[in-house]
Amino acid sequence: MWLKLFFLLLYFLVLFVLARFFEAIVWYETGIFATQLVDPVALSFKKLKTILECRGLGYSGLPEKKDVRELVEKSGDLMEGELYSALKEEEASESVSSTNFSGEMHFYELVEDTKDGIWLVQVIANDRSPLVGKIHWEKMVKKVSRFGIRTGTFNCSSDPRYCRRRGWVRSTLIMSVPQTSTSKGKVMLKEYSGRKIEVEHIFKWITAHAASRIKTIYNAEHLKEEWNKSDQYWLKIYLFANLDQPPAFFSALSIKFTGRVEFIFVNVENWDNKSYMTDIGIYNMPSYILRTPEGIYRYGNHTGEFISLQAMDSFLRSLQPEVNDLFVLSLVLVNLMAWMDLFITQGATIKRFVVLISTLGTYNSLLIISWLPVLGFLQLPYLDSFYEYSLKLLRYSNTTTLASWVRADWMFYSSHPALFLSTYLGHGLLIDYFEKKRRRNNNNDEVNANNLEWLSSLWDWYTSYLFHPIASFQNFPVESDWDEDPDLFLERLAFPDLWLHPLIPTDYIKNLPMWRFKCLGVQSEEEVSEGSQDTENDSESENTDTLSSEKEVFEDKQSVLHNSPGRTSHCDAEACSCANKYCQTSPYERKGRSYGSYNANEDMEPDWLTWPADMLHCTECVVCLENFENGCLLMGLPCGHVFHQNCIVMWLAGGRHCCPVCRWPSYKKKQPYAQHQPLSNDVPS
């Protein structure tokens with residue numbers, strides 16, 4: 001997780017440096033920056049109208065370019081970045097979708113239950129034509145969508161009873177606006193009563209109703225009273241301008257931030273005495289002033305602070321976020337971090353996507369689970385001071401120059417999603433390249449694994465942990481609470497044979513202990529041949545014999561799983577002077593004796609020091625009923641019983657995954673037996 005977090009932070013750093021690089025290229029080619037002011041006199045009439053469209057100011061009664069230019073200057077300073085964004089948005093001309101309401105519940109859910117937005121709905125009465133034609137309606141939808149106003153169409157033929165109850169007997173336009181200034185307040189519906197069915201007149205009607213919710217100040221006394229008043233709002237944003245009404249983007253933001261930020265419009269058009277504005281630090285017109293408990297912040301003096309809806313929305317969200325904003329931000333960051341697993345994981349393609357899906361599910365589940373106590377924590381009534389200090393920290397940090405750069409980069413990459421995705425993909429491919437190179441240097445075989453190999457290993461792992469969760473005996477804890485009941489329960493379920501027998505992989509066989517049976521005082525053939533050559537090299541010949549013996553055991557271990565059950569197994573026919581027939585009685589009679597007893601008076605004693613500590617001492621294989629002969633290969637099971645290697649491999653590979661003596665599962669670790677003290681007659685005199 002920390003590695004993915006590091007790569008994500010590195011990616012954000014790359015985006016920041018890349019944005020500065022683009023700014024340097026633009027400055028080198030054109031000699032201008034995004035924060036550089038634009039003289040409206042140098043702009044064409046079309047560009048001036050585009051700027052007014054984006055700011056939400058009507059120009060229908062201004063035929064002259066001079067009047068349009070003055071209106072642009074009255075609404076705020078124009079920067080190169082705002083001009084570029086406005087022209088790009090105008091050229092895009094993307095079709096904006098409009099909602100078609102299916103009935104009363106659909107209309108109530110989206111329109112009347114929405115407390116922080118504006119809806120414009122065209123109601124089409126039964127057997128009537130719409131009030132606004134199709135072409136004008138599409139223009140209207142495109143115009144109002146710039147300011148976050150959602151649109152829809154309600155056809156009364158889908159729910160005539162609701163239209164009659166509402167009194168919609170003719171086609172009309174309905175606008176929904178929050179009624180109160182509190183968050184999540186009631187919504188009121190207003191009907192268009194104008195006679196002119198034109199886009200500009202309808203838009204002017206919308207902006208007039210939206211602006212009526214903004215507190216307007218017309219004189220210096222009212223401004224002084226409002227400026228010195230302390231109320232529930234921690235943030236107040238003032239617009240000092242010489243306009244009849246505030247721009248549409250300012251009115252739309254006042255509805256969007258209802259209950260969080262108070263919007264105040266100061267109309268200085270007919271003011272004679274402006275001395276008080278000088279006293280509070282307002283020298284230029286127009287001015288966007290943010291009033292906080294910490295002081296005054298002039299909006300528009302830093303990078304990316306344009307006079308537009310998107311720029312001011314991101315600015316206010318960073319200062320006064322909602323819980324939903326923080327959740328969405330954490331959701332985006334967590335998913336970006338989870339997608340890093342697609343490039344960090346090496347091996348088959350299917351493996352990458354399986355790991356990615358698993359990581360996405362895990363991270364999102366943990367995120368949602370972790371947010372639940374946070375939401376409950378925020379509802380406590382004793383956290384007001386904590387909440388205030390948190391917002392104060394946000395205000396201090398997000399009014400810096402670095403924060404303005406981050407907001408500008410966010411707006412730039414959000415308007416260019418292809419660039420954002422391509423840089424993320426390029427960053428991931430670089431991570432994949434260096435990670436693959438690092439693992440190849442470490443001789444990691446999973447880098448070259450293909451899809452079939454990985455799926456095969458995944459199936460083996462799944463079946464292994466499904467039927468016998470522990471396949472390795474080296475790191476398995478000795479004591480386990482699941483050593484008794486689960487296997488007995490599964491064994492009960494296996495009968496009657498209508499149940500399918502579980503498929504247990506035989507990978508665990510290679511982990512079973514193996515060694516060679518030896519007797520004290522008996523030399524192997526290799527030792528005899530080595531001793532007959534030169535008596536002076538006894539120590540060297542013994543070392544060589546030991547290495548060759550270990551090599552044989554290792555080779556036998558490697559070929560354990562390749563022994564087919566159909567092959568004929570036999571023990572060596574060589575006689576061993578130390579291995580008698582153990583007992584001529586039947587196996588049932590021998591079962592009553594101590595397992596591992598032998599007659600030391602008739603033959604020589606086996607070398608028990610070469611046996612593993614947790615294996616029971618014995619001299620006979622109960623599978624083939626033959627004695628162990630000197631040099632034969634033995635294999636022990638977790639229960640401690642010992643057999644010929646070939647005999648027990650055939651037994652296990654045939655599907656009988658249990659001990660032939662005690663029926664303990666051969667793939668399951670067992671508590672080792674306490675080694676008993678040998679009897680007096682067991683010790684040679």
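**View 1. Aromatic pairs across the predicted model.** In this predicted model, the count of aromatic pairs comes to 36. The next views pick out a few of the rings.

**View 2. Phe107 meets Trp168 edge-to-face.** The ring centres of Phe107 and Trp168 sit 5.8 Å apart with the planes at 75°, so this one goes down as edge-to-face, since anything over 60 degrees does. Phe107 belongs to helix α5 (residues 104-112), while Trp168 is in the loop between α7 (160-166) and β4 (172-178), so the contact ties together parts 61 residues apart in sequence. Phe107 is buried, at 0% relative accessibility. Trp168 is buried too, with a relative accessible area of 8%.

**View 3. Phe517 and Phe628, a tilted pair.** Here the two rings are 5.7 Å centre to centre, with 55° between the planes. Phe517 comes from the loop between β11 (514-516) and α21 (525-533), and Phe628 from the loop between β13 (626-627) and β14 (633-636), so the pair ties together parts that are 111 residues apart in sequence. Phe517 and Phe628 are both buried.

**View 4. A cluster of rings.** Ring pairs join up Phe249, Phe250, Phe263, Tyr288, Tyr297, Tyr299 and Phe315 here.

**View 5. Arg20 over Trp405.** Time for a charge on a ring: Arg20 lies over the face of Trp405, 5.5 Å from the ring centre.

**View 6. Arg656 over Trp651.** Another arginine, another tryptophan: the charged end of Arg656 sits over the Trp651 ring, at 4.4 Å from its centre.

Technical notes
Residues numbered from 1 in each chain as written. Predicted model: local features only at pLDDT ≥ 70, side-chain atom pairs only at ≥ 80, totals over all residues. Heavy atoms only, no water. Phe/Tyr/Trp six-rings, centres within 6.5 Å; stacked < 30°, edge-to-face > 60°. Helix = DSSP H or I, 4+ residues; strand = E, 2+ residues; numbered from the N terminus. Buried < 20%, exposed > 50% of the residue type's maximum accessible area, 1.4 Å probe, protein only. Lys NZ or Arg CZ within 6 Å of the ring centre and 35° of its normal.
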